[in-house]
Amino acid sequence: MSAEYSRTQLMAVVLARSFRDGEVVVMGAVPALPLAACRLARTLHAPNLSYVLGGSGAVNPTPETLPLSCCDPAVATAPCTLPVAEVVLLAARGGAFDVFCAGGIQIDAYGNCNLSAIGDWDGPRLRGPGSVGLPFMPMFRRTVLYTMSHNPRTFVERVDFVSGAGHPSSPAAERGYRQEGPSLVISPLATMDFDPVTRRMRLATVHPGISVEDVRKATGFELFVPSSVPTTPEPNNVELTELRRLDPSGVLWHDY
Amino acid sequence: MVLTTFCSAEEALELALPGSAVAVGGMHMTSAPMSLVREVVRQRIPIQRLITSPSSSLQADLLIGVGLVEEVVTPYIGFEHLGLAPCFRRAVEDERLSLLECDEAGLTHALYAGAGGLPFVGCPNGIELTDIPRVCPELYREVDDPFTGERRWVVRALRADIALLACREADEQGNVALGRFPFTDRLMALGARRVIAQVERRVSSEEMAAHPPGTTLPGFLISTVVVAPGGCYPTAAPGDYERDEDEIRAYLQAAQRPDNLEAYVSRTIRSVPEPAYLDAVATRLQPAPTPATP
């Protein structure tokens with residue numbers, strides 16, 4: 001890995017590139033990475049992108065430094081704010097929001113996410129914070145999953161508790177309203193997508209300096225590996241300059 | 001019609017009945033009614049059911065940590081980048097706390113139903129693909145949709161006996177302004193049998209009128225106003241002051257162990273009356289960016 005950028009910055013650039021002009025992106029707690037990605041995309045290729053911070057409901061905030069909390073007073077200066085009850089309405093009806101940036105303490109082979117409990121729900125080994133808005137995952141046109149920890153405890157064959165649903169594991173589990181579902185997974189090691197037939201996660205790219213074997217070992221399920229796995233394109237100078245401009249305090253330098 | 005009383009946090013909570021359902025406002029580490037929460041801790045008022053906002057932090061974790069909460073209704077208690085909620089986590093893992101697992105939409109709709117006299121509300125799509133409703137039959141039930149015949153999850157109305165909220169301002173009539181982020185505090189206030197609001201300052205009715213419609217609540221819904229400048233500390237009050245992350249970290253450090261938490265609570269809360277607490281933190285408040293409108 002080049003010393004010129006951090007893994008978190010690389011992840012933010014990958015996420016930014018995945019956004020299309022005109023999309024509406026929603027993010028939850030700890031918004032620094034997706035917020036940076038949205039602002040980067042708006043500057044570079046998606047000037048009509050909108051983004052909503054769950055919790056505060058702040059729309060398109062441009063705080064001087066990247067906030068660590070989605071309810072940080074710095075996002076109160078956003079030009080528009082939706083009360084959380086209205087964010088809930090829009091997320092649930094479908095069609096208003098396009099992309100959900102989500103994650104979990106467990107993510108499984110089908111993209112199901114768990115933020116609630118590891119082990120039995122009743123008397124868990126680890127109690128997580130709770131599911132919050134993850135049940136909305138199937139209501140978005142697509143969901144991007146990101147996590148700062150790529151290890152066999154996070155990437156599991158089957159989550160212990162479904163907080164938000166990923167792809168159906170069988171045609172019988174299909175629901176008419178579901179859209180693209182999880183389409184991209186971004187970790188500190190790699191990017192992954194989902195096989196259109198099996199609906200299971202597959203390796204898409206490995207980050208510079210990471211091998212396919214590294215990713216396989218860090219994944220707790222049988223990760224499908226195509227015959228050719230390219231390296232994640234590195235951030236270019238334009239992207240890095242812009243990232244540094246909108247993150248003057250260097251939040252994304254740390255793997256928070 | 002409720003006549004608003006202005007009083008101290010101590011007096012406000014003396015009227016709270018032990019064993020009530022209590023809703024506590026604020027989202028994440030912002031606008032938590034900490035003056036009121038600290039007073040609950042000092043007076044050791046047992047809470048039969050604690051209802052949090054869709055994302056709660058210190059206001060819930062502290063009450064759970066000192067053992068005052070029998071049952072909690074929450075979609076999230078955590079500290080974002082600072083980590084998990086230590087007391088909530090320990091209490092659930094040790095099976096000492098009854099947890100009504102719910103999601104953000106379910107809770108919001110339940111509060112709306114409670115505010116409007118609706119018995120229950122149909123849940124949006126997506127919930128049936130999760131494990132949430134199945135582990136919480138107290139709040140979620142499956143019914144036949146009378147219009148389509150499809151099976152659907154519904155969520156039951158939630159009302160609090162008392163809502164503890166942090167607002168920005170109150171005027172002499174007890175009208176309060178919620179500030180930039182209404183969160184679910186508004187719904188909690190509309191549904192609660194009694195609302196206790198802590199405010200940063202008391203203003204004139206003329207100043208109150210400068211707040212845009214939809215950001216204020218009428219005095220006839222507010223039972224008690226406690227003027228508590230800095231009262232959200234160590235959480236943030238948008239437009240007034242930032243959260244004090246060092247103080248929140250100090251709490252999280254202490255809360256890793258029950259005995260350390262007890263010492264921390266005794267030293268920083270129980271041995272300090274609320275007015276003295278607020279005097280002491282006044283110099284530590286870091287001004288927050290101010291939006292263009294109130």
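1. A residue is called buried if 20 or more other C-beta atoms lie within 10 Å of its own, exposed if 12 or fewer, and partly exposed in between, with C-beta atoms placed from the backbone. Helices (H or I, at least four residues) and strands (E, at least two) are DSSP runs, numbered from the N terminus.

2. The model is predicted: local features need pLDDT of at least 70 and side-chain atom pairs count only at pLDDT 80 or more, while totals for chains, interfaces and linings use all residues. Residues are numbered from 1 along each chain as its sequence is written, and chains are lettered from A in the order in which they are written.

3. Helix α4 of chain B (residues 86-93) is mostly covered, with seven of its eight residues buried. These are B:Pro86, B:Cys87, B:Phe88, B:Arg89, B:Arg90, B:Ala91 and B:Val92. Their cover includes β9 (126-127) of chain A as well as α3 (58-65), β5 (98-101) and α9 (245-254) of chain B. After α4(B) comes B:Glu95, with a positive phi near 55°.

4. Two residues are in contact if their C-beta atoms, placed from the backbone, lie within 7 Å. By this criterion, 41 residues of chain A meet 48 residues of chain B. On the chain B side, α4, α5 (104-116) and α6 (132-135) each supply at least two residues. That side comprises 26 nonpolar, 12 polar and 10 charged residues; Ala, Val, Leu, Ile, Met, Phe, Trp, Tyr, Cys and Pro count as nonpolar, Asp, Glu, Lys and Arg as charged, and the others, Gly among them, as polar.

5. Leaving aside residues up to four places away in sequence, B:Ala197 touches B:Leu165, B:Cys167, B:Ala170, B:Val176, B:Ile222 and B:Val225.

6. Chain A has five helices and 14 strands. Its radius of gyration (over C-alpha atoms) is 17 Å, close to the 18 Å that the globule rule (2.2 Å times the number of residues to the power 0.38) gives for 256 residues, so chain A is as compact as a globular protein of that length. Of these 256 residues, 54% count as buried.
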